[in-house]
Structures are given as C-alpha cells and as structure tokens.
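Please work through the following exercises with the coordinates at hand. Each task is followed by a solution in steps.

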Amino acid sequence: MRLVLLGPPGAGKGTQAKQLQEELKIPQIASGDLLRLAVRNKTPLGLQAKRFMDQGALVPDDLVLKLIEERLGEPDAARGFILDGFPRTLAQAEALREMLERNHQSIDLVLALVVPDQEIIKRISGRRTCKDCGAMYHTIFDPPRNVGLCNKCNGELYQRDDDAEDTVKMRLEVYETQTRPLLNYYQDRGLLRRIDGVGSLDDVRRRIEAAVKEDGKKA
Ligand code: AMP
C-alpha cells in the first residue's frame with residue numbers, strides 16, 4: 001500500500017506513521033527526518049536546506065525531491081510506504097505522481113489529519129525530540145520516564161529549533177498557503193480521507209486504521 005499522511009505541523013503525522021508502519025509492515029518515509037539527517041551529517045544538500053528549515057520555510061522542491069526519489073528507490077519501499085511530510089506543494093505532488101508512474105505505481109490513499117491551530121501550538125510547544133534516535137515525546141501528553149531522557153536509547157531530549165512558538169506560527173502559515181491546496185488536489189482524484197486528529201493517540205490510531213482497512217476492501 002502506498003499512503004500519504006497530510007496535515008499541519010504537529011497534527012501527529014509522525015507519531016501515527018510510526019504506529020502504522022508496524023501495523024502495515026511498510027516503512028515510514030518522513031521528509032523532515034531525511035532533511036534533519038542531511039543537516040546533521042553536513043552533506044551539501046543538508047547545508048543548503050538548513051537555513052530554510054531554521055526559518056520554518058519550505059526547503060526548495062528540487063532538494064526535497066532528490067532525497068525522496070533516492071529513498072523511494074531503496075528495496076524496503078518496493079512493497080509500499082507511508083509518506084509523512086511529503087508532498088507539501090502541488091509541484092511536489094505532481095513530481096511524486098510522475099516518479100511513481102515511471103514504475104507503473106500510484107498513491108492508493110491520502111489521509112489528512114485535521115487539527116485546529118490552537119491545539120497545534122499547544123502540542124508543538126511541549127514537543128521534545130531525542131538527539132540520538134529521533135523518538136518524540138510531549139512534556140504533558142507523552143512524557144518520558146526520566147525527565148529529559150529518551151525511553152528507548154537514553155539519549156538527551158531537546159526542543160527542535162523550529163518548534164519555538166514564532167517559528168511554529170510561520171510553519172502554520174506556510175501550511176495554509178502551500179500545502180492546504182493539496183487537499184483539493186487529492187480530493188479531486190478520489191484519494192482523500194479526512195481524519196479527525198483530536199483525541200488520544202489511540203483514538204486517532206483507530207480512526208486511521210479503520211480508514212486504511214476500508215480502503216483495502218475497495219481494492
Ligand atoms: P517536519 O519534520 O515535517 O515538520 O519538517 C521540518 C522542516 O523540514 C519543515 O519546516 C521544512 O523546512 C522542511 N521540510 C520537510 N518536508 C518538506 C517538504 N516536503 N518540502 C519542503 N520542505 C520540507
């Protein structure tokens with residue numbers, strides 16, 4: 001199955017994609033994670049991407065597309081994948097369609113997580129990420145067992161630079177102008193399912209799993 005998870009920053013795409021990859025046995029491919037890794041490794045692409053990310057702006061399409069195309073070409077993505085944070089512009093969605101078409105493939109389902117802005121700001125300001133393995137926590141909703149330390153690898157937890165409140169507001173604006181048009185794009189193609197993203201992690205997971213199952217029956 002080839003899935004896209006859409007939604008504003010902080011809607012829970014990453015958390016839900018991680019659960020879904022266990023369930024469906026297909027990899028989560030998160031453009032933000034791929035970019036952060038490139039920045040950490042100081043690759044030429046990472047060095048170019050960093051200043052856009054620090055401002056909460058989108059990284060230019062050509063850089064992101066290069067990373068995604070490489071990742072989709074890896075063997076574990078042959079049976080399917082969950083795209084998280086990509087596509088984010090209409091140009092990226094079209095490029096993705098063409099990329100898949102070259103291999104006689106297409107997207108099966110697009111799930112859009114719907115969460116109001118106020119809820120997002122509350123969620124993101126408490127978000128903490130592990131420096132070593134990228135696992136995510138929330139100071140209130142999903143705290144680690146030991147304050148400031150990752151449950152999985154004991155790595156140090158930090159607040160991403162782009163999770164500061166001003167940058168979050170900028171990222172929400174970017175979502176409205178550049179990414180929201182994708183909802184209509186996928187709706188017009190009959191691929192979109194809207195999922196209420198408010199509630200416990202388990203509630204949202206169950207809604208997503210129901211939508212995936214229903215779509216599987218159609219196929
Ligand atoms: P995320 O982890 O998905 O919130 O992404 C963090 C940052 O990485 C974003 O604010 C953008 O600067 C950049 N980014 C991630 N995915 C994309 C994408 N598909 N297109 C452009 N920029 C992206």
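The model is predicted, so local features need pLDDT of at least 70 and side-chain atom pairs count only at pLDDT 80 or more, while totals for chains, interfaces and linings use all residues. Residues are numbered from 1 along each chain as its sequence is written, and side-chain values use heavy atoms, with hydrogens and water left out.

**Exercise 1. Classify the ring pair formed by tyrosine 185 and tyrosine 186.**

Step 1. Rings of Phe, Tyr and Trp (its six-membered ring) pair if their centres lie within 6.5 Å; planes under 30 degrees apart are stacked, over 60 edge-to-face, and the rest tilted. The structure holds 1 aromatic pair.

Step 2. The centres of tyrosine 185 and tyrosine 186 are 4.9 Å apart and the planes stand at 85°, so the pair is edge-to-face.

Step 3. Both tyrosine 185 and tyrosine 186 are buried (buried: under 20% relative accessible area; exposed: over 50%; partly exposed: in between; 1.4 Å probe, protein chains only).

Step 4. Arginine 189 lies over the face of tyrosine 185, at 3.8 Å from the ring centre (criterion: NZ of Lys or CZ of Arg within 6 Å of the ring centre and within 35 degrees of the ring normal).

**Exercise 2. Locate the partners in the salt bridges of lysine 66, arginine 102 and aspartate 76.**

Step 1. A salt bridge requires a side-chain nitrogen of Lys or Arg within 4 Å of a carboxyl oxygen of Asp or Glu. The structure holds 21 salt bridges.

Step 2. Lysine 66 pairs with glutamate 70, with the closest N and O atoms 3.9 Å apart. Both residues belong to helix α4 (residues 61-72) and are 4 residues apart, about one turn of the helix. Helices (H or I, at least four residues) and strands (E, at least two) are DSSP runs, numbered from the N terminus.

Step 3. Arginine 102 meets glutamate 69 at 3.0 Å, N to O. Arginine 102 lies in the loop between α5 (90-101) and β4 (109-114) and glutamate 69 in helix α4, so the bridge ties together parts that are 33 residues apart in sequence. Arginine 102 is exposed at 55% relative accessibility, whereas glutamate 69 is partly exposed at 38%.

Step 4. Aspartate 76 and arginine 71 have their closest N and O atoms 2.8 Å apart. Aspartate 76 is partly exposed at 38%, and arginine 71 is buried at 14%.

**Exercise 3. Where are proline 87 and histidine 104 placed?**

Step 1. Proline 87 is in the loop between β3 (81-84) and α5. The peptide bond from phenylalanine 86 to proline 87 is cis, with omega near 0°.

Step 2. Histidine 104 is in the loop between α5 and β4. Although not a glycine, histidine 104 has a positive phi of about 55°, and the residue is exposed at 77% relative accessibility.
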